[in-house]
Amino acid sequence: MSHSCVLVWIHVVWGTKWHYPVLAPSVAHVLEQHIHEYAASKEITIDTLAIQPEHVHCLLRLGASQRLDEVVRLLKGESSHWLNLKGLLPGEFSWARGYWAGSIHYEAVGEVRVYIAQQDKRHLKTLYRDELRKLLDEFGLPPTVEPETE
């Protein structure tokens, strides 16, 4: 039994390759269920998950021995593999390289839950790329928009 109490909350955002809006609501719904099931099987604690046509918001809690890069690699890698295996989208699906992640103070977890839950409403007014640029600007980070062609 561990004698450590770890409260490491992380808000993670990742997008589809080229930020194409390929995740229709029907696909997003089954993908969300699958990600939750897979995460539970790997002892990854996902608190809140919202899948938009071209990106994912995920609020997760890291365990004492979990590394953020490994958790995100598992979630992105397995979910893209599963989507391709199930043939839920035309052509081959893949996520964009990288992700955005920010640590969340435990007292702000409720606010982040609401923020993630309201993604449908938010993206009626704001595009994903604009939201990402705003996040990067707020933290003084350089833009990381992928080129449109390889």
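Me: How many bridges join E2 to strand E3?
Reply: E2 and E3 (residues 55-62) are joined by 6 bridges, and the two run antiparallel. Strands count as paired if DSSP finds at least two bridges between them. This is a predicted model, where local features need pLDDT of at least 70, side-chain atom pairs count only at pLDDT 80 or more, and totals for chains, interfaces and linings use all residues. Residues are numbered from 1 along each chain as its sequence is written, and side-chain values use heavy atoms, with hydrogens and water left out.

Me: And what stands opposite His57 in E3?
Reply: That's Ala50.

Me: In what order do the strands of the sheet come?
Reply: The order is E2-E3-E1-E4, in an open sheet of 4 strands with antiparallel pairing. Strands here are DSSP runs of E, at least two residues, and helices are runs of H or I, at least four, numbered from the N terminus.

Me: Which strands stand at the edges?
Reply: E2 (45-51) and E4 (100-104) do; each has a single partner strand, so one side of each has no neighbour in the sheet. From one strand to the next, the twist averages 15 degrees.

Me: What does H2 lie across?
Reply: H2 lies across E1 (8-15), E2, E3 and E4, at about 45 degrees to E1. Helix H3 (residues 109-117) packs on the sheet too, touching E1, E2, E3 and E4, and its direction makes about 160 degrees with that of E3. Angles run from 0 to 180 degrees between N-to-C directions, with axes fitted to C-alpha atoms, for helices over the stretch in contact.

Me: Switching to the helix pair: at what angle do H1 and H2 pack?
Reply: About 130 degrees, with the axes of H1 (residues 25-41) and H2 (residues 68-86) 10 Å apart. That makes H1 oblique to H2, since angles under 35 degrees count as roughly parallel, over 145 as roughly antiparallel, 65 to 115 as roughly perpendicular and the rest as oblique.

Me: Which residues meet there?
Reply: From H1, Val27, Val30, Leu31, His34, Ile35, Tyr38 and Ala39 meet Leu74, Leu75, Glu78, Ser79, Trp82 and Leu83 of H2. Contact means heavy atoms within 4.5 Å.

Me: Zooming out, how many helices are there in the chain?
Reply: The protein chain has 5 helices, along with 4 strands. The elements run β-α-β-β-α-β-α-α-α from the N terminus on.

Me: How much of the chain counts as buried?
Reply: 39% of its 150 residues, with buried meaning under 20% relative accessible area (1.4 Å probe, protein chains only).

Technical notes:
Buried < 20%, exposed > 50% of the residue type's maximum accessible area, 1.4 Å probe, protein only.
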